[in-house]
Amino acid sequence: SDVYKRQVSGGSTSERFGFIQKFGQALGVKYLCSWLNVSRSGFYAWRERTVSARALSDANLLLKIKHVFNVNHQTYGSPRVFHALKKEGVNTSQKRVARLMRENGLRARALKTYSKPAKVKFFYKEIENKRKDSEKATAINQQWSGDITYLKVGARWHYLAVVIDLYSRRVIGWAFGKNKTTELTLKALRLAIKKRQPTESVLFHTDRGAEYRAHVVQKYLASKNIKASMNRPGCCTDNAEVESFFHSLKADLIRGNKFESSGKLLSKLKVYLNYFYNRQRLHSSLGYKSPAEFESAVN
C-alpha cells in the first residue's frame, strides 16, 4: 500500500536495501529498487559488503565457539556453548551458535549407556522409597543420592561409587576400586560426610544394589542420622540424577579412550570429578551454572 511504501521509503538507504534483500526473491529486485527509488548497482554493492561483514563476524564467533567446545571436551551442544559464551560477555544468539556449530560439524559427544546386572542377587530387609513423597530439595545436605557404575581398565572392570547432592548435582563423595563392595560405597559416603558435615538429617537415595542394602551400610547410615531411601522394584528412573551423571561422565571422559592402568584412569577421574564436573560443566537444570557456581549463587 502507499502508506506502507512511505514507511519503508522513509527509512535510510541501508534499511531500504534490507527490505529488498528480504523480499527481493518473491517480488523481484528490479521492481523493488524502482519502487523504493534506489539503484540496483547500489543494492548489489551493499549486499556484497553486508555478506562480507557477516562472514567475518561469523568467522570470529566460530573461533570462540570452537574454544568453548574444545575446552569442555567436545561435550557441549549449542545451548551450553551459547550460555558459556554469554558468561564470557559474548553477545550473540543461541540460534546463530546452533547454525555455526551445525555448518562446521561441531556435535557434542554422546554415548549409549547400559547397565551390567549383578550376577548374584542379595536380599536384605525391604527399604521404601522415601524420596518419591518428599519435596524437592531447597538447600544443600537435604537429599543425597548414590550409585555405582562400571568402568573398563584394560580387559577388567573397575567400579566407581559416587554420592551426589541432589540440590546442586554436585559430586560430594566418590571412591574408585577394583571390587564392587560395601567398603567402596562406605568410602564414598565417608568422604561426603567429611566434606559436608551435615547438621540435620539427610535423605540418602540409592538403587536396590546389595552394596547399599547390606546391614553394615544401613547401620552406618543410621549412626550418622541419614535416612535410607531406595528405588521401587523395576523403577531405575527413581534415581535419574545419578544415571544422568554417569551418562555425562562416560560421554565426557570414557568414550573413545582406553585406560591400560587403574592409575591413569584414577588421575583422570580426579580432574573430572573435582574440577571439571563440579566447577566448570554447565547444567541446564541449574540455569546453565556449574554445581559449585549454583551453590555459591544461592549461599
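User: How many bridges pair β4 and strand β5 (residues 226-230), and in which sense?
Analyst: Over 5 bridges, β4 and β5 pair in the parallel sense, where pairing requires that DSSP finds at least two bridges between two strands. This is a predicted model, in which local features need pLDDT of at least 70 and side-chain atom pairs count only at pLDDT 80 or more, whereas totals for chains, interfaces and linings use all residues. Residues are numbered from 1 along each chain as its sequence is written, and side-chain values use heavy atoms, with hydrogens and water left out.

User: Which residue stands opposite Ala228 in β5?
Analyst: That is Phe204.

User: And what joins strand β1 (residues 143-153) to β4?
Analyst: There are 3 bridges between β1 and β4, which run parallel, and Gln143 has Leu203 as its bridge partner in β4.

User: Is strand β4 (residues 202-206) buried or exposed?
Analyst: Of its 5 residues, 5 are buried, so β4 is largely enclosed by the rest of the structure; buried means under 20% relative accessible area with a 1.4 Å probe, protein chains only. Val202, Phe204 and Thr206 lie on one side, Leu203 and His205 on the other, and both faces are covered.

User: Switching to helices, how do α5 and α6 cross?
Analyst: The axes of α5 (residues 78-87) and α6 (residues 94-103) come within 9 Å and cross at roughly 120°. That makes α5 oblique to α6, as angles under 35 degrees count as roughly parallel, over 145 as roughly antiparallel, 65 to 115 as roughly perpendicular and the rest as oblique.

User: Which residues of α5 make the contact?
Analyst: Ser78, Pro79, Val81, Phe82 and Leu85 of α5 meet Gln94, Val97, Ala98 and Met101 of α6, contact meaning heavy atoms within 4.5 Å.

Methods. Axes fitted to C-alpha atoms, helices over the stretch in contact; angles between N-to-C directions. Helix = DSSP H or I, 4+ residues; strand = E, 2+ residues; numbered from the N terminus. Buried < 20%, exposed > 50% of the residue type's maximum accessible area, 1.4 Å probe, protein only.
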